[in-house]
Amino acid sequence: MPQDQKLLKYSSEYSDELSLDDELKKIRSCIQCGMCSAVCPSGSFTALVTRKIMRKALAGDHSVLSGPEIWYCSTCFNCYERCPRTIPVTNVILRLRNMAVREGYLPDNLKSVIKNLANTGHAVPLGGPDSKWAKLRELHKLKKVPPTVHSFPEALDELFTLLDKIKFNARIPYR
Amino acid sequence: MSLERPKPRVAVYICHCGKNIADVIDMDEITEYAKHIPNVALAKNYKFMCSNAGQDLIAEDLKSGKVDRVVVAACSPLMHEETYRRVLRENNFNEFFFEQANIREHASWVNLRDHKGAMEIAKDHVKMAVAKVSNDRPLIRQKVEVTQEALIVGAGITGMFATLDLANKYKVHLVERTPTIGGHMAQLDKTFPTMDCSACITTPKMVEVGRHPNINLLTYSEIENVDLNVGNFEVQVRKKSRRINHLICTGCGACGEVCPITVPNEFDYNMGYRRAAYVPFPQAIPAQYTIDIKNCIECKLCVDACEVNAIDFNQEDEIIDLKVGSIIIATGNDIFDPSKLYRYGYQKYKNVLIAIEMERLLSSTGPTLGKVIKPSDHKTPKRIGFLQCVGSRDFHEGTHKYCSRVCCMYAIKQARQFKEKYPDSEVFIFYIDMRTFGKGYEEFYEIAAREYGINFIRGRIGEVFENNDGSLIIRGSDTLLAEKYEIEVDMLILSTAIEARKDADEVSRFFGVQFSEDGFFMEAHPKLKPVDSLSPGIFIAGTCQAPRDIPDAVAQAKAAASSADNFMFSGEVEIEPYYSMVQPEICSGCRSCIPLCPYDAISFDETTNTADINAIKCKGCGVCVASCPSNAIIQNHFTRNQILSEVRALKPWENYIKEN
Amino acid sequence: MTEIKEKKEELIEKPFSDLKYSLYLGCVIPNRYPMIERASRFVFDKLGIEIIDMNGATCCPAPGVFRSVDKALWLTLGARNLTIAQNNNTTELLTLCNGCFGTLHEVEHEMKSNPEINKRINEVLAEKNLHFDGSVNVRQVMDVLYFDIGLERLKSLVKRTLNLRTAIHYGCHILKPATTQLFGQDPDNPTFFDEVVEAIGSKSIDYREKLMCCGAGGSLRTGFKDSSLQYTLAKLREIRKVGVDCIVVCCPFCHLQFDLGQVEVSKLLDEGEEEFRIPVIFITQLLGLAMGYEPEDLGMIKPTELKGISPFISFDPLLKKIESIPLDEAKRDK
Ligand SMILES: Cc1cc2nc3c(=O)[nH]c(=O)nc-3n(C[C@H](O)[C@H](O)[C@H](O)COP(=O)(O)OP(=O)(O)OC[C@H]3O[C@@H](n4cnc5c(N)ncnc54)[C@H](O)[C@@H]3O)c2cc1C
Ligand code: SF4
Ligand code: SF4
Ligand code: SF4
Ligand code: SF4
């Protein structure tokens with residue numbers, strides 16, 4: 001069997017989509033100066049090379065969405081502030097994550113947090129009035145259950161209605 | 001004889017501009033259209049109207065007596081208005097019976113894909129031009145005599161060369177703000193790409209300027225006031241008091257030796273010291289001393305020390321009145337201050353320098369006599385880095401979008417010099433793109449890598465940290481390897497941007513020159529009038545117009561000198577007749593126009609109690625016309641009626657035909 | 001006579017009764033770090049600041065996970081939270097968290113500046129008869145201390161000059177994006193946090209990587225915990241080099257990352273490298289201490305009856321040091 005060719009095929013698919021937004025469109029003016037990757041703390045510890053993400057997005061390289069690198073960003077906004085072309089780099093990464101999720105590349109560890117929010121209203125829930133955290137609240141002379149959605153069932157209903165309205169479950173099944 | 005003015009007979013010529021226009025706009029359709037515009041006697045199209053054949057076409061029709069006014073629909077009038085006016089002149093028609101409709105920049109180029117839209121716009125432009133030309137009035141250019149003297153402002157390499165070129169023919173006044181001439185070039189050690197010693201080229205030229213009988217050198221002087229009479233500019237110069245009589249001072253330096261006051265020397269970017277009685281550097285021209293009033297404590301030790309009694313504490317500023325025919329502005333550039341780019345640590349970390357400071361350290365006449373030392377411990381660094389594009393190529397506010405054009409080359413130059421002095425050292429240049437575009441420049445770069453072993457690392461540095469011993473950690477990302485790195489160096493040099501002078505707006509106000517978006521002075525046309533300002537008789541050259549290196553600055557100096565010569569040579573100059581006029585019978589004497597005129601052309605006539613416009617100073621900008629509450633000001637060639645006729649031409653075709 | 005005096009004291013004790021905020025708690029504070037809630041409520045009460053709870057508020061939603069995953073969800077729930085403050089009849093929404101601030105401030109900004117988004121999100125909210133009318137400003141506790149109270153008045157509140165050596169951690173979303181930041185300071189050279197800490201009598205010790213991210217945000221902690229801890233470790237090592245009494249934060253997620261993180265990074269330490277035990281305190285706790293209040297009132301206790309709860313790093317060394325610092329008045333009397 002002949003080996004698959006490893007040659008890159010350029011496509012403007014991703015950059016066209018990003019360019020629908022006037023700010024994100026600036027990605028087209030990237031000069032690959034490397035400032036974003038130079039100031040990126042994640043790049044010191046992970047495989048994230050922000051500059052390369054920008055280049056791959058411009059080139060239409062599918063691995064930018066399928067690979068884990070975009071998820072290594074801690075959204076510190078260093079790159080966003082320092083890009084000499086004033087490209088909102090962090091926002092580009094966030095948009096690429098949206099596009100990746102749409103194509104089914106959602107990291108597993110995020111799924112439970114999403115479920116938490118969609119089902120309890122908190123990404124980090126208390127865990128009920130008998131949990132150790134509730135007890136800790138009590139020891140701190142606070143109401144056992146905080147006056148958030150945890151204390152108001154009707155607020156939780158409201159949340160469910162809004163989630164249905166934006167058809168969240170259709171995009172990311174959480175039920 | 002009828003009292004009615006004869007109906008204008010307009011000839012319309014549509015230019016294909018090769019394919020620039022014709023590819024988008026159907027030539028036959030627009031020609032046919034033009035024929036039906038009221039007042040049009042004939043309409044033709046031709047491949048290149050500006051060619052000799054095209055001009056002949058116009059000339060023939062004019063000679064035939066069939067037409068008396070001309071419209072050319074082509075490129076921008078900035079490009080060829082003069083060409084076509086000449087045709088009218090040569091055929092004994094008043095050249096102001098001409099209008100140019102710009103259907104290239106305004107219609108075809110901007111609508112490459114929308115041919116129908118382009119056609120509509122082009123038709124409107126032609127219609128407007130015909131309406132305007134039908135209402136144009138004959139105008140006559142006034143001539144004024146031109147003073148046969150020139151003024152050059154700024155005595156850097158640009159100002160000096162322009163001065164020397166003109167001085168063989170004219171008397172030239174050279175005004176320089178600092179106590180010496182030479183500008184930035186005098187601060188450089190060697191110059192790329194030839195690596196010849198800067199002083200060896202500059203010093204002889206400085207001496208020549210100082211000695212030339214036709215040059216009136218005014219150093220330590222400032223422009224005080226300018227009256228913008230074209231061809232006869234009246235300029236006041238303030239010659240600041242130096243407390244030393246330069247006619248007597250021999251430059252022996254005895255005063256400097258006894259002066260007890262030491263202050264940082266600006267010429268060395270405050271790295272070295274000078275006395276309050278000083279010359280900025282040993283080869284300064286003039287060689288005579290200056291007492292810096294701000295720092296002098298008036299101990300007067302110098303008075304006794306001076307054997308020729310040149311010191312005069314009663315000397316006052318002197319105001320000198322000049323009258324000149326042309327002016328060249330060569331005020332040069334400032335250098336970007338990177339202290340607000342906090343992550344690079346300039347002025348926070350001791351061993352972070354800017355390139356011009358490094359230039360002084362490398363210079364054999366600098367504060368360290370050419371020894372490169374670290375400010376932290378005065379030892380020679382072993383590893384140094386250069387960071388490129390600091391303040392350039394950055395779209396943030398407070399930095400510059402443009403490329404400064406010289407920093408890639410000067411960084412390589414300094415890196416090579418450093419390596420020559422300290423062969424065991426290591427040098428890194430952190431760059432985005434190496435821009436080495438001039439003659440011999442790429443070769444210069446290649447040798448730096450191959451023979452000198454200078455490390456070129458692609459990627460902008462992100463952060464710099466200082467160690468306790470003053471050494472620096474540089475953190476960046478090698479964009480070619482896609483790897484983050486940390487490198488330790490002893491010293492980091494920031495290749496900072498060339499930027500417009502901080503007082504450029506003051507100079508611009510004095511001389512009525514405009515700015516480009518980047519803050520530099522604006523040339524009249526980027527290609528065709530590169531050293532002309534928009535004010536006739538005033539020229540700009542060197543780094544006050546844009547960042548450039550010495551070869552380019554000198555080329556501009558020579559271009560400006562030749563343009564100034566051209567301007568003065570015939571002894572008289574024609575003034576554009578576009579000036580505005582106050583109709584005294586309508587003027588209410590409210591004076592509101594007077595402060596608005598950017599060229600100071602309006603005065604108040606106390607006898608008639610009306611405003612009065614000096615036709616020679618007026619540039620026809622139209623501000624006063626628009627501002628006059630009594631509608632008392634009219635501007636030649638742009639009268640209310642002429643402009644409104646163009647606006648009316650924009651009415652739908654049927655209505656327009658009916659009304660005309 | 002005594003009555004009047006008492007009243008007077010009361011007035012001085014509650015000097016900021018003109019200030020009123022809707023308090024947005026978020027998730028981590030009420031559900032993992034209740035000591036922050038306790039300290040903040042306590043200090044606000046002593047200052048006379050009026051605090052109104054935002055009943056029924058949900059997660060902000062967290063800017064890292066949810067903005068990445070689904071912008072519609074992020075905007076909708078963010079805007080819903082804003083309407084709670086609006087229906088409380090307050091114009092100022094106070095967050096104690098950089099992440100919540102990041103989300104709510106950005107959502108506020110989008111809702112106010114982008115008519116398209118405003119229309120779409122309000123259409124969704126209309127399903128539950130909600131409408132965001134733009135009358136709410138999102139604030140952060142640092143910005144309330146810095147602007148609404150101000151450095152001069154903060155100084156006057158100090159009853160016990162602690163003179164602690166502190167390592168300040170700003171966090172990211174309070175500094176960036178700079179265009180919408182509240183302090184008008186360069187994110188590469190911010191000073192407001194240092195100014196506040198110095199105003200209330202402690203020292204801000206500079207350390208390398210001071211402005212670096214803690215590593216928790218952007219879903220990095222959620223998705224790839226070890227990578228996120230690498231950030232924390234890098235910062236902790238620099239902090240250890242300069243030597244401090246405590247780390248001060250203004251964000252519960254950073255707080256968690258430094259507090260729990262010190263335990264978690266143990267496995268990443270080099271051989272022989274000492275474990276980290278640097279107390280982490282929230283800005284309102286430091287303020288309360290400086291105002292002379294007891295650590296317990298500021299939640300600075302470690303209940304022994306529960307396992308695996310915050311704080312994970314003991315306050316003991318810090319408390320011991322504070323115990324030995326007398327009230328300023330007492331010092332003056334001596
Ligand atoms: C670090 C560094 C290294 C460089 N190395 C090289 C090199 O090796 N080779 C090369 O080709 N180029 C080099 N350049 C570029 C070079 O310096 C410039 O091209 C050149 O100096 C420009 O000369 P100028 O006369 O136009 O301006 P300047 O040298 O700036 O001269 C302007 C003069 O006008 C005076 N002036 C300003 N305003 C007023 C006023 N209002 N009234 C009166 N006088 C005024 C100033 O005092 C000054 O004397 C280097 C630049 C830098 C920053
Ligand atoms: S900093 Fe900006 S221009 Fe430079 S590589 Fe990154 S995205 Fe491109
Ligand atoms: S926002 Fe993300 S990509 Fe940008 S510097 Fe921070 S961690 Fe790196
Ligand atoms: S007149 Fe203008 S448009 Fe016509 S050929 Fe010449 S340059 Fe081109
Ligand atoms: S010349 Fe080189 S260093 Fe200077 S701005 Fe241009 S690219 Fe950057």
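I started with A:Arg171, which forms a salt bridge with C:Asp70, the closest N and O atoms being 2.5 Å apart. For a salt bridge I took a side-chain nitrogen of Lys or Arg within 4 Å of a carboxyl oxygen of Asp or Glu. Between chain A and chain C I count five salt bridges.

A note on ground rules: this is a predicted model, where local features need pLDDT of at least 70 and side-chain atom pairs count only at pLDDT 80 or more, while totals for chains, interfaces and linings use all residues. Residues are numbered from 1 along each chain as its sequence is written, chains are lettered from A and ligands numbered from 1 in the order written, and side-chain values use heavy atoms, without hydrogens and water.

Next, I looked at the whole interface. I found 61 residues of chain A in contact (heavy atoms within 4.5 Å) with 71 residues of chain C. The two chains bury about 5,700 Å² between them, 67% of it on carbon and sulfur atoms; buried area is the accessible area (1.4 Å probe) lost on putting two parts together, summed over both. A:Phe45, A:Trp133 and A:His140 supply 12% of the area that chain A buries against chain C, more than any other three residues.

Last, I checked C:Arg139. Is this residue buried or exposed? C:Arg139 is buried, with a relative accessible area of 11%, where buried means under 20% (1.4 Å probe, protein chains only). Among the residues that C:Arg139 touches are C:Phe101 and C:Val144.

Terms used. Buried means under 20% relative accessible area, exposed over 50%, partly exposed in between (1.4 Å probe, protein chains only). Lists of a residue's contacts leave out its neighbours within four places in sequence.
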